[in-house]
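Visitor: I am new to this structure. Please show me how to read its features.
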Amino acid sequence: MEEDIFNSLVLALSDVDYRFVNANANIQRLLELYSNTASGLRLPPPAAKHIIENLPDVTITEEAQCIICLKNFSVGDTAKKLPCNHLYDKECIVQWLEKTNTCPMCRFEMETDDEEYEKERKEKLRAKQREAELEILHASMYS
Ligand SMILES: [Zn+2]
Ligand SMILES: [Zn+2]
């Protein structure tokens, strides 16, 4: 369901002729749309500096697109890969993560330098882990 929000953001962006809009303008627009859509939710803080600095480079091997500037990558191009496996141009994703820690495609939340936010984020992660552990336990009990 959360993915739907982002899909609609991407659709909204497709009104624009990207070739004439720079990535920075797209980021502004996406962030605005995101804050409007997620009304009541505050925009998550920027990603941690060390995360932004250490994003791994990958070589593109199959069709992919940077959804921030909507540029199509060619096989052999270099892109930045987030932990959720989504690919972006370096310039686009660095600018984005300096504003908010969430993957524009799937809202995967990356580590931040914000202590308060980290408490919440880790609590959410632990809850997810517990759920997964319970599922495994269930599966082993009833199989
Ligand atoms: Zn891009
Ligand atoms: Zn993602």
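Visitor: Is D89 buried or exposed?

Guide: Buried means under 20% relative accessible area, exposed over 50%, partly exposed in between (1.4 Å probe, protein chains only). D89 has 5% relative accessibility, so D89 counts as buried. C92 is buried too, at 2%. A word on the source: this is a predicted model, where local features need pLDDT of at least 70, side-chain atom pairs count only at pLDDT 80 or more, and totals for chains, interfaces and linings use all residues. Residues are numbered from 1 along each chain as written, chains are lettered from A and ligands numbered from 1 in written order, and side-chain values use heavy atoms, without hydrogens and water.

Visitor: Which residues coordinate the zinc ion (ligand 1)?

Guide: Donors are N, O and S atoms within 2.8 Å of the metal (3.2 Å for Na, K and Ca); water is not among the atoms, so sites may look incomplete. Here C66 (SG), C69 (SG), D89 (OD) and C92 (SG) coordinate the ion at 1.9 to 2.3 Å. Their spacing along the chain is C-x2-C-x19-D-x2-C.

Visitor: Why is the arrangement around the zinc ion (ligand 1) tetrahedral?

Guide: Four donors count as tetrahedral if all angles lie between 85 and 135 degrees. Around ligand 1 the angles are 90 to 115 degrees, so the arrangement is tetrahedral.

Visitor: What are the protein donors of the zinc ion (ligand 2)?

Guide: They are C84 (SG), H86 (ND1), C103 (SG) and C106 (SG), at 1.9 to 2.4 Å. Angles of 105 to 113 degrees make this arrangement tetrahedral. H86 is partly exposed at 22% relative accessibility, and C106 is partly exposed at 23%.

How values were computed: Tetrahedral: all angles 85-135°; square planar, octahedral: opposite > 155°, others 65-115°.
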